Amino acid sequence: MSEEIVFITSNKNKFKEAEKLITPLGFKLIQKNPGYPEIQSDSLEEVVRYGIEYLRDKFDTFFLEDSGLFIKSLKNFPGVFSKFVFTTIGNEGIIKLMENIKMRDAVFRAVIGYYDGEAKIFKGECKGRISEEMRGDHGFGYDPIFIPQGCEKTFGEMTTEEKNQYSHRGKALKSFVQYLKQR
Ligand code: IMP
């Protein structure tokens, strides 16, 4: 029987991305969505550590993840406000905010927190740029407006496998998987 790994998330897409990298190693990934407070902090790691503290009495072993999009010319906005900004102004709003801005560099960051009696942190980052228009209907969130470095396609135009090769989450998951293999 394969070992079960619990991913605490309400996001089906994040789960699918994780599944593609974790299940080939012989683990069974389980999605749970008990909900936990996402504190307002300027550090993704702090949000993750708070989530772990909140959930550690409810699950023996689990992981969770927090991520954000940081746009250089907007002084790293939306950053830790990524969720709120996505649900309020969305991709259309970001495109509009950047209408006359030539410098479109941005970075996606992800932090994974794994708890198995103690907390372990894994990070990933993906540099890229904000597209001039929305492209693609794969993925979720800001995927249709983010082009990773070295690519022409947005994340929204990529399959999950392709996105995982470049993405912040893909990188964080790969170092997490490395840890799981070596335990
Ligand atoms: P959270 O990690 O679920 O709090 O995500 C923060 C915000 O960033 C949400 O609005 C997500 O939709 C967005 N986001 C996080 N990761 C990604 C990604 O891989 N692609 C596109 N949007 C993302």
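Where is Lys75 found? Lys75 sits in the loop between β3 and β4, where helices (H or I, at least four residues) and strands (E, at least two) are DSSP runs numbered from the N terminus. The views below show a predicted model, in which local features need pLDDT of at least 70 and side-chain atom pairs count only at pLDDT 80 or more, while totals for chains, interfaces and linings use all residues. Residues are numbered from 1 along each chain as its sequence is written, and side-chain values use heavy atoms, with hydrogens and water left out.

View 1. Lys75 counts as exposed at 76% relative accessibility, whereas Asn76, at 43%, counts as partly exposed; buried means under 20% relative accessible area, exposed over 50%, and partly exposed in between (1.4 Å probe, protein chains only).

**View 2. The cis peptide bond from Phe77 to Pro78.** The omega of this bond is near -5°, and Pro78 lies in strand β4, which covers residues 77-78. As background to these two views, most residues other than glycine have a negative phi, and most peptide bonds are trans.

**View 3. The aromatic pair of Phe7 and Phe63.** Rings of Phe, Tyr and Trp (its six-membered ring) pair if their centres lie within 6.5 Å, and planes under 30 degrees apart count as stacked, over 60 as edge-to-face and the rest as tilted. By this rule the count comes to 13 aromatic pairs. One of them joins Phe7 and Phe63, which are stacked at 4.3 Å centre to centre with 15° between the planes. This pair links distant parts of the chain, since Phe7 belongs to strand β1 (residues 4-8) and Phe63 to strand β3 (residues 62-71), 56 residues apart. Phe7 counts as buried at 1% relative accessibility, as does Phe63 at 0%.

**View 4. The cluster of linked rings.** Ring pairs join Phe7, Phe15, Phe63, Tyr114, Phe122, Phe176 and Tyr179 into a cluster.

**View 5. A patch of positive charge on the surface.** Lys127 has its place in strand β6 (residues 119-130) and is partly exposed, with a relative accessible area of 48%.

Note on methods. Patches are made of residues with over 30% relative accessible area and no salt bridge: like charges are joined within 9 Å, nonpolar side chains (Val, Leu, Ile, Met, Phe, Trp, Tyr) within 5 Å. Accessible areas come from the Shrake-Rupley method with a 1.4 Å probe; for residues, only the protein chains shown count as cover. A salt bridge is a side-chain nitrogen of Lys or Arg within 4 Å of a carboxyl oxygen of Asp or Glu. Lys and Arg count as positive and Asp and Glu as negative; His and the chain ends are not counted. The place of a charge is taken as NZ of Lys, CZ of Arg, CG of Asp or CD of Glu.
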